[in-house]
Amino acid sequence: MPRTVARVIVDALSELGVRQVFGVVGDALNPLTDAIRGTEDLEWVGCRHEEAAAFAASAQSQLTGTLGVCMGTVGPGSVHLLNGLYDAAKSHAPVLAIAGQVPLAELGSDYFQEVDNDALFSDVAVFRATITSPDQLPQMLETAVRNALGRRGVAVLTVPGDLGEREVTGDRPPRFSLTPPVSRPDPAAGRRAAELLDRSERVTMLVGEGARAAREDVLALADRLAAPMVLTLKAKAGFEGDHNPFQVGQTGLIGNPAAAAALQDADTLLLLGTDFPYRDWYPEGRTVIQVDTEATHIGRRVPVDVGLVGDTGATVRDLLDHLATAPGDARDRSHLDKARERFDRWRAGQARLADPRHDKGLVGRLRSALDNRAHDIRPEVLAAAVDRAAADDAVFTSDTGMATVWLSRFVEMRGERRLIGSYNLGSMANAMPQALGAQCLDRERQVVAFCGDGGLSMLLGDLMTLKTHRLPVKLVVFDNRRLGMVKLEQEQAGLPEFGTVLDNPDFAAVAEAMGITGIRVTDPSEVESAVQRAFRTPGPVLLDVLTNPDEIAVPAQPTVEQGWGFAVAKLKEAVRSHGDTDGQ
């Protein structure tokens, strides 16, 4: 018996191993969601906003490397997918989006809710197409999936409202066979890179997520080169922890002085699996070797002496074979030792800030008089408490902004921990829906979302999705009543804080009204016990912690201009009239 368009699509998703589809029901999607309803191993996760659905699908894809799927119905429903799909595209996550459309006969007539999906998704999708005949299946579906997986991006398949229930006359099982290639760079380029590394006295490695699958080979190379290893944020999961004696943390605005110095002190930089975009943080005049699977990434951030296009693991193994220094050969390790000593000193200082008793000491009292007169909770205290309480295989998500800063500095990606965030697009409101997608993969695995108060409130309705589907996500809200990163940007530019103050509700009370356990913390001495309680409590929990809005995340290399701008901004804020409450 011939299957319908909807049944062909849904059966194929099941065969691909997709276990959840995220979206909002209605209109053109009704045949598809009805087919999902009758499919035993495929779950429909009804969200309150399609943007959350796209973020959830992207998170699943990033965690598994397989296809994530979301759906948006005609017009606004598909438009709402866009931001989450941009995040997937920028994160190189294979996601299939099924978009609804008006009936075929109405296409091009400016029909109610009609949107040109092929134009709408033209910038975000590696493949986009509108099904205009059932006979285009299953080939068009196969093409969409192969593009998403093979090119690691977003594919959008648009289904008109009157097509989902029509039968596919040339029905056959879809075929999705796709073997990922393992490429190696030109051998001569590999030998040239090895020669440069052999001649270098001080090598520093900048390691990104693209090297995560080659962890052991990368560690072996760092040992042979006696090289400190600076990590991008996305490389934390996989390269942090006590079993990596080479890593010195992150660079950039969220980084630390040891990592910045390791880059500056090097005579050679080796970039592995990273497209770290912040050009100001690369030192000038160094020999640079870059390894990346994408030829277009070579040299687009910093001038490169040798570019090696290929799989990171295969390329690193070739470099190990070509290096003149054999395993165990003596190599000057002073550059590595100096970087690690700096990193250890910085971490010790950060640990003091994360002590709940910090503000009770002499230094802490003096500091509090300047930046924490309301005696709010230091965000460092909260992040460190979560790090201690969370499981070694927890999945963390973080909102863009200050929540990511505190996670970067105080949460160690040890064991099998994973980390997901909007680290390429930089969207707000991503942490909670990404945690939703992660938790759907495994209801037993601990999932922790580091939420900013601005980000959480932007998609607040999908707290109900956590409750409805009984997803035990732990939401840690850094409630500083501010758009914190914007406040910092303004003050570093010498501008007084403006437009960043948030009139927040009691988020814990909101969670309780939604049927979710809510815990509100205002006293630093209660943070540890509240975090422990949140992690012990079954089901979803929202931990609302009132943190200090004036906490400063000092960059790894603060400039004189930044410091002067901050001082000027604070002076302007201090002389405001009493009637101006914005920012006060």
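This tour walks through a few strands and helices of the structure, one selection at a time.

Before you start, know that this is a predicted model, in which local features need pLDDT of at least 70, side-chain atom pairs count only at pLDDT 80 or more, and totals for chains, interfaces and linings use all residues. Residues are numbered from 1 along each chain as its sequence is written, and side-chain values use heavy atoms, with hydrogens and water left out.

**Stop 1: strand E3**

Select residues 68–72, which make up strand E3. Helices (H or I, at least four residues) and strands (E, at least two) are DSSP runs, numbered from the N terminus. Five of the five residues of E3 are buried, so the strand is largely enclosed by the rest of the structure. Here, buried means under 20% relative accessible area, exposed over 50%, and partly exposed in between (1.4 Å probe, protein chains only).

Two strands pair if DSSP finds at least two bridges between them. Strand E1 (residues 20–23) pairs with E3 in the parallel sense over two bridges; look for Gly23, whose bridge partner in E3 is Met71. Strand E4 (residues 95–101) is also parallel to E3, over five bridges, and there Gly72 is partnered by Ala99.

**Stop 2: helices H3 and H17**

Next, select residues 50–64 (H3) and 431–441 (H17), whose axes come within 7 Å and cross at roughly 50 degrees. Axes are lines fitted to C-alpha atoms, for helices over the stretch in contact, and angles run from 0 to 180 degrees between N-to-C directions. Show the side chains to see the contact (heavy atoms within 4.5 Å): among the residues that meet are Phe55 and Leu63 in H3, and Pro433 and Leu436 in H17.

**Stop 3: a six-stranded sheet**

Finally, find the open sheet of six strands in the order E13-E12-E14-E15-E17-E16, with parallel pairing. At its edges are E13 (418–421) and E16 (517–521), each pairing on one side only. Neighbouring strands of this sheet are turned by 15 degrees against each other on average, direction ignored. Zoom in on E12 (residues 395–398) and E14 (residues 447–452), which pair over four bridges; Val395 stands opposite Val447 in E14. Then show helix H22 (residues 527–536), which packs on the sheet and touches E14, E15 (474–479), E16 and E17 (541–546). The direction of H22 makes about 170 degrees with that of E16.
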